[in-house]
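Morning, everyone. Let's have the model up on the screen, and then I'll walk you through it.

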Amino acid sequence: MRKGRYLVYAIRRLAQFVLVVFIGVNLAYVITHATPIDPVEQSISAVTSFGNTAPAAIEEMRRSLRELYGLSGSPVEQYLVFWKRILRADFGPSLSAFPTPVSALVARALPWTAGLLTVSTIIAWGLGTLLGGLAGYDRTNRGLKLMGVVAMGLHPIPYYILALLLLIVFGFLWPVLPISGGSAMNLPQGLSVDFVLSVALHAILPALSLILIGVGSWFLGMRALVSNVVTEDYVVYAELAGVRPWRILSSYVMRNALVPQVTGLAISLGGIFNGAVITEKVFGYPGLGSLLVDAVYAGDYGLVLGVTTVSILGVSIAVLAIDLLYPLLDPRVKVR
Amino acid sequence: MAAILRDLLRHNVEFRIGAVLVGAVLLLSVLASFSPYPPLDVYVVPPDLPPSPSHWFGTTSRGQDVFWQLSFALRNTLLFGCTVALISRLLALAIGLLSGYSGGWIDRALMSINDTFIVIPLLPLLVLFYFVMRDRMSWLMLALIMACLGWAYDARLIRSVAMSLKSREFTETSLFSGMSTREILVQEHLPYVLPIVFSTTMNNMVWSIGLEVTLAVLGFTDINTPTIGSMIYWANQHTAMVAGVWWWVAFPTVAVIMTFIGLFLLAVSMNDYIDPRSRLRSVGGTS
């Protein structure tokens, strides 16, 4: 592919990325501002419901909240203030962890989610694609057929239910793995062997529930793709010409079927992220998902908004990265 | 229609299993109309009874019969899935057909918006929505907002079919005979995309029910309306697993897994049926 055409492609993808973030933030704005309920009154009633607060203090809190969340002024002003805060990643101090800024809480949780998602997505995608490719190519293998049945049973189950099942199995019936937290409490966070081991051990169950569902869906997708490619003329020709089966599979069949699988990865990242949110909550993993859910329970408006925005941004950046790498991985792709 | 069903039942294992699973779930949900207890009442039966002949699936710590509660929950959950699927199908059809038929800048603009909705993670947005709405959140409102967010993936699928229909001769004939764009789309193209619409309906229901369960177990929906998710929510609130009231969690979980696998298998078998290559393979011919 020529460099100029890649540049055009990259600019198009970049424009799409900007559009995603723009629409996403606007959706967040519409949801928070167009509803009949005032989030400031919500927060105040959440705080005051725990006990008596002096009316003057409530009035003070109401004013500062209005300023913090940009709810004062005309709608146009509010909209501009909203964008200004988001572009500066400034969501004010968190109400539930006052006075820690929301951005600090999000920054603390982000690496956990990013790590968990990256590792489990790569394992699920790689394993599912490889096995699915084999299953599509060799339709007689019993083990792979069985795997297909298992994948069909696993893939449609929602993340929460699978996580719950794993929690029951490894929490109640056979307690061998840690079922809560991101690492052992008593270890200092750092690059020590103990800490890394503990992080890996705690990640097994959350990662496993993401991987089990992911493998199923990539397996089914790749199997369907490969079984279509196998009937193509060039594969039949290669077989007749005596090309070794392994070479046919790797460079004739898999390579061609891989392209839609990569697009599929970009498309489903949003859904995988949804899964990670609930999985983290089930296993008490200290990532964005747990932060989001706890923020709702605590009535922390700024934190909910901050996590939502960062999730939209994070997922779209990941999708952009896949989109930009994809023509480089597969030079055959036509860049329009 | 009857012939298609007969063919599917005879030649397609996935369809058979899917039909049995969905049929069982449907039957259970229909039974809700004959429930001896009103769905919202608590302490109508002794709490915490294990499964027995008088209470088939046991009773909850809130004094509800799990069997009848589950039946109401399934009915509401399926109704929720159908509502979301119906509304989002209308959106996906309108956008997909228009985009595929028009081409040009309309297509590009619609598909850019479409791809945006595919990429955006919806759960945080729905959580934000709940956070703002709180107690005013009803299941109809949730269904509406999810329908408005969940059409994108299928619109792209419908668009790709519409694009191939555009170059067919009958489209030109109807254009020259003076039909408007709307008439061509509704009268000429719609029948061709309906089979995919059916199979995407199942997948869309799996998607929307999955999200509803997720939101409900966190308590982020109208938790007083019994759905599968809210049943598990109340079980978690009463720490049913730790208290040993396992039937309160187990039966809804089994029911929801049956629903998901059943709907998914129906979608898969319909896709197989739509594709002539795999249809031929399934009836025993060689492709």
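Predicted model: local features only at pLDDT ≥ 70, side-chain atom pairs only at ≥ 80, totals over all residues.

Start with the pair. Two packed helices are described by the angle between their axes and the distance between the axes. Here the two are α3(B), residues 66-102, and α9(B), residues 181-217. Their axes lie 7 Å apart, at an angle of about 140 degrees. Angles over 145 would count as roughly antiparallel. So α3(B) is oblique to α9(B). The crossing of α3(B) and α9(B) is right-handed.

Who makes this contact? On α3(B), the residues include Phe80(B), Gly81(B), Val84(B) and Ser88(B). On α9(B), they include Leu185(B), His189(B), Val193(B) and Val197(B). By type, the contact of α3(B) with α9(B) has 13 nonpolar residues, 8 polar and 2 charged.

Next, α4(B), residues 104-119.

Last, the two chains. In chain B, 35 residues are in contact with 44 residues of chain A. On the chain B side, α4, α5, α9 and α12 each supply at least two residues. Which helix gives the largest share? That is α5(B), with 10 residues. The chain B side divides into 26 nonpolar residues, 6 polar and 3 charged.

That's my tour. Questions, please.

Note on methods
Residues numbered from 1 in each chain as written. Chains lettered and ligands numbered in written order. Axes fitted to C-alpha atoms, helices over the stretch in contact; angles between N-to-C directions. Helix = DSSP H or I, 4+ residues; strand = E, 2+ residues; numbered from the N terminus. Parallel < 35°, antiparallel > 145°, perpendicular 65-115°, else oblique. Left-handed = near helix turned anticlockwise from the far one by under 90°. Contact = placed C-beta atoms within 7 Å. Nonpolar A, V, L, I, M, F, W, Y, C, P; charged D, E, K, R; others polar. Expected span 1.5 Å × (residues − 1).
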